[in-house]
Amino acid sequence: MSSVRTDKEASTTLDDALKPTSRAVDGDAVVRALKPVADDAPEAETTDGFHLVIDALKLNDIDTIFGLPGIPITDLTRMAQAEGMRVISFRHEQHAGNAAAAAGFLTQKPGICLTVSAPGFLNGLTALANATTNCFPMILISGSSEREIVDLQQGDYEEMDQLAIAKPLCKAAFRVLHAEDIGVGIARAIRSALSGRPGGVYLDLPAKLFAQTMDAAKGKASLIKVVDPAPRQIPAPDAVKRALDLLKGAKKPLILLGKGAAYAQADADIRALVEKTGIPYLPMSMAKGLLPDTHVQSAAAARSYVLQEADVVLLIGARLNWLLSHGKGKTWAEDKGAKQFIQIDIAPTEIDSNVAIAAPVIGDIGSCVAALLGGIDAKWAKPPVEWTGAIAERKDKNLSKMAVTLAARPSPMNFHSALSVIRDQVKARPDAIVVNEGANTLDFARSIVDMYEPRKRLDVGTWGIMGIGMGFAVAAAVVTDKPVIAIEGDSAFGFSGMEVETICRYNLPICIIVFNNNGVYRGTDVNASGTADVAPTVFVKNARYDKLMEAFGGVGVNATTADELQKALTEAVASRRPTLINAVIDETAGTESGRITSLNPATAKKK
Ligand code: FYN
Ligand code: ADP
C-alpha cells in the first residue's frame, strides 16, 4: 500500500473538509478536491494525516507501535501495519505503554504507545508517568475528541482535555492540529523524549487530523528526520579533574552503577573504568549484568557493608533516591562521617538533590566515563587491599550462606529453591531477558538470579510498581527476539495477566513463572473480624495460573517441585513457546513488604 493516495480515493474526507468546524490543512487541496475532476485530468497525489504520522515515524526509524485500537485510531493501526510497521495490539493500554517504555530503555529509541481518547489515554498515562520517572524514552500518542467541543465542555464522545492532564506527568506534551505540522510534532516528540534526561512525551492527535489531506509532495517535504536526537554532552575538563582527584585520594572507594548506566550503552568503557581502577562496584537492580554479577569486583553480596564503609562513592547514572536511602542515615553510617560523592549524570539539577555532591560530572555517561578513563593510566593506584579484602571476606560469607540455602529442596518449594532453578537457567542462557516484579519474588530474585549481560534485567524500577510484567516481557521479546523469563509474584502477575492472550497471539518466546503462595506477601493472613470474607491479602487458594495460558493455546505447567520447575523452564526456553509455569510456593513463605518493610507504616512503627 502506498502512503499517498489520489483525490478520488480521498473523496470520503470531503465531508469533513466542508464541516464548519473542520480546518483544511491545505487550502489548495480543498479547493482542488471541491472541483469536479475531469475524467482525463491527471490525478493529483494527496496524502492524509494517517499516512503522515506513519511516514514521520518511519522516517525516524521507528518501526514498532504498541497500542490498542479503537476510535479514532483504529485505521491508523491498520494502515501502519499495511505500511510495514510492527503493530502489537494489547488488551489494556497500560501494558502497551509499559511495553513502549521498556522498548525505549532497550533500544534508545522512543517506544510508541498508541491509544484511543479519554479512558484509553488515561490507561496509557500511568505508563507514561512511570517511564518519565524511570528516565525511559517513550511517546504516548493518543487520539482525542473535537477540540471545539472539548474546549467548550459541550460533552463530546470521550471528552477530555488530554493535553492539560498529560503535561505535569511527562517531559513534554504537544498537540498537532494541522496535517502539515505532523512532521514537526513528531520531531519535537522524539527530540524531547531522547535528549538530555530521557523520558515520556505526550502527543495529542485530534480525530479530525487523521482525515485531513494535503498534497503528497508537500506532505513529504513537511516531515523531519531528527538529526542527532540525543547529542553527546561532553563534561567540563575541570569537573573531570575534580572527580579524578577525589577518587585518587579515596581509601575506600565504591562505584555505584544505576540504570542510567545501563541505558547509556557505554558498556565497554564502564567495564574498563571499573577494571582499570580496581574499585569495587555495586549495581542497582537494572544495572545488574553491566559487568557479570560473578565479577570479582562486584560488592553486591556485601551491600550493607560497602554503603556504610565507603568514603568516596562514584554514582554513574543512579539517583540518591529512596532506593539508596537518599544518601544518608543508617544505611550510609552517617554518624561515622559523611561520604563524598562524585555523580555522573546528564541532568544538572539532579546534583545536590539529597546530599551535597562534592564532584558533579555533568554530561552523557559515555562521554563522562571516557573522560575519566582518560585520566587513569598505568600508575593509577588500585584501592588498598584492606578495603577490597574486607569486602571479599563479607561477600564470601554471604555467598556461602546463600549457596547452602539455594541447595535445599524443601517441599513445598520456597522462594530460594524455585529461584535457584531460574538462576541456573539464566546462567545457561545469559542472553535471556529477565522481567521481575512482586515483593518477596522481586527481592529474592534480585539477589539470587545473577545477570551476565547488560540490559537483560527489567523490573519495577524507581517507583517499585506492580503491573509492568507482561508489558515489559512483550517489549523485550519483540525488540530483541531473545527468550524472556518473567519472574512474577502471584499478586504482581494479576495486574497484567490478561496479556497472556497477547503473548500467545504473537507467539512470543516468553516463559512466565508465577510464584504462587496464595496471596500478597503470603497466603496465610486471617480476617480478624470473623466475617466470611478472606483477609485482604489472601487469594483463591491453590489457583492454577497455568490454565490461563492453556486457554489461549500456550503451554501451562503446574510445578510443585524444583525438578518439575527446572524441566518446564528448560523446555520453555528451548522451544520458545509461550509458557506459564504455576510454581507452587509454601504459602507461609514471604515477609510483609519483602525487603522494604521499613516503608510499611504499621510494621515500621512496631520496630
Ligand atoms: C545480594 N546479597 C547477596 C547476593 N546479592 N547475598 C548472597 N549472594 C548474593 N548473590 C545480599 C546483600 O548483601 C544484602 O545483604 C541482601 O542480600 C539484599 O541485597 P539487595 O537486594 O541488593 O539489597 P537491599 O537491601 O534489598 O536493597 C535495597 C533496595 C532494594 C531498596 C535497593 O530493596 C530494592 O531495590 N527494593 C525495591 C523494592 C520494590 O520496589 N518493591 C516493590 C514493591 S513491594 P546485606 O549486605 O547483609 O544487607 C510492595 O510491597
Ligand atoms: P537506578 O534506579 O538504577 O539507581 P535511576 O533511574 O535512579 O537509576 O538513575 C538514572 C539516572 O541516569 C538519572 O538521573 C538520569 O538522568 C541518568 N541518565 C540517564 N541516561 C543518561 C545518559 N545517557 N547519560 C547520563 N546520565 C543519564
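Helix 3 is followed by Asp61, whose positive phi is near 60°; helices (H or I, at least four residues) and strands (E, at least two) are DSSP runs, numbered from the N terminus. This is a predicted model, in which local features need pLDDT of at least 70 and side-chain atom pairs count only at pLDDT 80 or more, while totals for chains, interfaces and linings use all residues. Residues are numbered from 1 along each chain as its sequence is written, chains are lettered from A and ligands numbered from 1 in the order in which they are written, and side-chain values use heavy atoms, with hydrogens and water left out.

### Exercise 1: helix 3

Find how many residues of helix 3 are buried, and which residue caps its N-terminal end.

Step 1. Take buried as under 20% relative accessible area, exposed as over 50% and partly exposed as in between (1.4 Å probe, protein chains only). Helix 3 (residues 49-59) then has 9 buried residues out of 11.

Step 2. Name some of them: Gly49, Phe50 and His51 are among the buried residues of helix 3.

Step 3. Now look at the N-terminal end, where Asp48 is the cap. A side-chain oxygen of Asp48 lies 3.3 Å from the backbone nitrogen of Phe50.

### Exercise 2: Gly67

Work out whether Gly67 is buried or exposed, and what it is in contact with.

Step 1. Gly67 sits in strand 3 (residues 64-67).

Step 2. Gly67 counts as buried because its relative accessibility is 5%.

Step 3. Contact means heavy atoms within 4.5 Å. Leaving aside neighbours within four places in sequence, Gly67 is in contact with Ile88, Ser89, Phe90, Ala96 and Leu114.

### Exercise 3: helix 24

Decide where the buried residues of helix 24 lie around its axis, and what covers them.

Step 1. Check the span: helix 24 (residues 562-575) has 14 residues and reaches 20 Å from its first C-alpha to its last, close to the expected 20 Å. That expected span is 1.5 Å times one less than the number of residues.

Step 2. List the buried residues of helix 24: Ala562, Leu565, Ala568, Leu569, Ala572 and Val573. They lie on the same side of helix 24 because they cover an arc of only 130° around the axis; the arc is that of the directions from the helix axis to the C-beta atoms.

Step 3. Turn to the other side of helix 24, where Asp563, Lys567 and Ala574 are exposed.

Step 4. Find the cover: it includes helix 18 (415-428) and strand 17 (484-489).

### Exercise 4: the two ligands

Step 1. Helix 19 gives the most to the shell around ligand 1, with 4 residues.

Step 2. For ligand 2, an oxygen atom is 2.7 Å from an N or O atom in the side chain of Arg319, and one is 2.5 Å from such an atom in the side chain of Asp345.

Step 3. Helix 13 (residues 259-263) gives the most to the shell around ligand 2, with 3 residues.

Terms used: Polar contact = N/O pair within 3.5 Å; in protein donor to acceptor, adjacent residues only side chain to side chain.
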